[in-house]
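Below are some notes on the strands and sheets of this model. Please read them with the structure open.

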Amino acid sequence: MAMSTSQARSEHPQPQFVRETWLNLNGEWEFDYDDQASGERERWYDGKSLPKRINVPYCFQSKLSGIGETDFHDIVWYRRSFSLPKDFAGKNVLLHFGAVDYHAKVWVNGKFVKEHIGGHTPFSIDITLELTSGENVIVVRAHDSSKDITVPRGKQFWEEKSKGIFYTRTTGIWQTVWLEAVHPVHLRRAMLTPDIENNEVGVRSFVEGWQAGAKLQLKLAVSFKGKPICEETFAVNNPVESRRISLNDFSSPRTPRLWSPEAPNLYDITLSLLQDGVEVDSVASYFGMRKISVEQGKVCLNNRPYFMKLVLDQGYFPDGILTAPTDEDLRRDVELTKAMGFNGARKHQKVEDPRYMYWCDKLGLLVWGEMANAYAYSEDYVRRITGEWQEAIERDYNHPCIVAWVPLNESWGVPEVLNDSRQQQHSLALYHMIKSLDATRPVISNDGWEHTKSDICTIHDYEFRREVLEKRYADAEIAVKSQPGRKFIYANGFEYNGEPINVSEFGGISFR
């Protein structure tokens, strides 16, 4: 089955962590179903060719994959050969997957190298020791249970045909696959935390391959629209280092270079790792100087009350399902959202492609980051959502556009949270886990109703009668005691404490 690779996504998949030396592996891969779950036993990872062809990064259920089949196939295999470019010579090679839904296993040249559980979050593998000169082969096995409703799945339906608010499943690879060449000692991650009161940015760096006694330095260079702002170099005495960098660039208190939807100002930052004075790694990134907070019952952006007018965006594409056909389609979604008068989006039941957040950062659109939920509660569910959600927060921490975290929606995954103490404790645990990872953003424990602890009280209300709405939202106390959709706003044992109130779903308007 031949197909054009011109449809494959070719842009850099991680715009906040860009190295010059990388290789995109999207395009045509060998592919097959494993309905009998015999592939591992038969060693499909060791030299076996696969009969079908698929256009990565589109799932087999999508039109853009070149297959477009929606029958249940819970186990699928991928195979692709590659040769390293010359500029990879002498370096370690990292294999990156943007997202594989749901349980991935990876082999390189017949050797097992990694498994990852979680359908919306990235993972990486140092495959240097498995590589040979000339042609190399990657094999991926993906297992995605179509009917297991304890798996975080968002709006992917557990029946064969889509209906109602649910859509076709996404199985296997659905975000970009790529290779990256790095020095054995390199930056694994960087956390960038703006502090607008002190005009500083906090930089927390994570170095892979660090060893005691190594003469390492990290050089930070910040610029704004091409103009150098500051530069600082410091010793890397530990694998994790933290520094606060003063920007000292505001020409006037009236014209600060803060980030907002109306003025999406972004600073560029280059992080260069030096060993014995020689640069061994360099990563390009960016950040926005912005603050989101709750003050006196109001949501504030950059210390000013700010009305969030958001659209509920599910990130669904008819031809690609969860995967946008092109990067331009992601940009266009942001542009259209702004053109319709919205200043943000609640990215609903999906951990979106980082390229979407990049365009929100660049063009100016607030985002509520939301986890793709399961539908039933169990011990397996708790383990699954906790691990994957932590990975999602780590991936997206630096995006200035993200102004809230939403781990749960409408009690999905915790259907008895109104009265069940275990499910209430789980909701609270997610709230506090997020706060332990990110102290800079508000958290909504359970968007829509049956809140435990939330920094914003959110209500889903599809009432259409004006007189009912006017009465229901006459004041805060009436609003939080209302029961839209016959649901209590707070779970039993929890109550409203003056938080901002946001009607985060309403209308349900359709165009005919």
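**Notes on strands and sheets**

1. Glutamine 36 lies in the loop between strand E2 (27–33) and E3; strands here are DSSP runs of E with at least two residues, numbered from the N terminus. Glutamine 36 is exposed, its relative accessible area being 66%. Exposed means over 50% relative accessible area, buried under 20%, and partly exposed in between, with a 1.4 Å probe and protein chains only. From the C-alpha atom of glutamine 36 to that of aspartate 87 the separation is 42 Å, with the two residues 51 apart along the chain.

2. On provenance: this is a predicted model, in which local features need pLDDT of at least 70 and side-chain atom pairs count only at pLDDT 80 or more, while totals for chains, interfaces and linings use all residues. Residues are numbered from 1 along each chain as its sequence is written, and side-chain values use heavy atoms, with hydrogens and water left out.

3. E2 and E3 belong to an open sheet of six strands, ordered E3-E2-E4-E10-E7-E8 with antiparallel pairing. Two strands count as paired if DSSP finds at least two bridges between them. At the edges are strand E3 (52–56) and strand E8 (111–117), each of which pairs on one side only. From one strand to the next the twist averages 25°, where axes are lines fitted to C-alpha atoms and angles run from 0 to 180 degrees between N-to-C directions.

4. Within that sheet, six bridges connect strand E7 (residues 103–108) and strand E10 (residues 135–143) in the antiparallel sense. Lysine 105 is placed opposite arginine 141 in E10.

5. Is strand E12 (residues 177–182) largely enclosed or left open by the rest of the structure? Six of its six residues are buried, so E12 is largely enclosed. Both faces are covered: Val177, Leu179 and Ala181 are buried on one side, and Trp178, Glu180 and Val182 on the other. In a regular strand, side chains alternate between the two faces of the sheet.

6. E12 pairs antiparallel with strand E1 (residues 22–24) over three bridges, and tryptophan 22 stands opposite glutamate 180. Strand E5 (residues 92–97) also runs antiparallel to E12, joined by six bridges; here valine 93 faces alanine 181.

7. A further open sheet has three strands in the order E20-E21-E22, with antiparallel pairing. Strand E20 (292–295) and strand E22 (304–305) each have a single partner strand, so one side of each lacks a neighbour in the sheet. E20 and strand E21 (residues 298–301) share four bridges, and valine 294 has valine 299 in E21 as its bridge partner.
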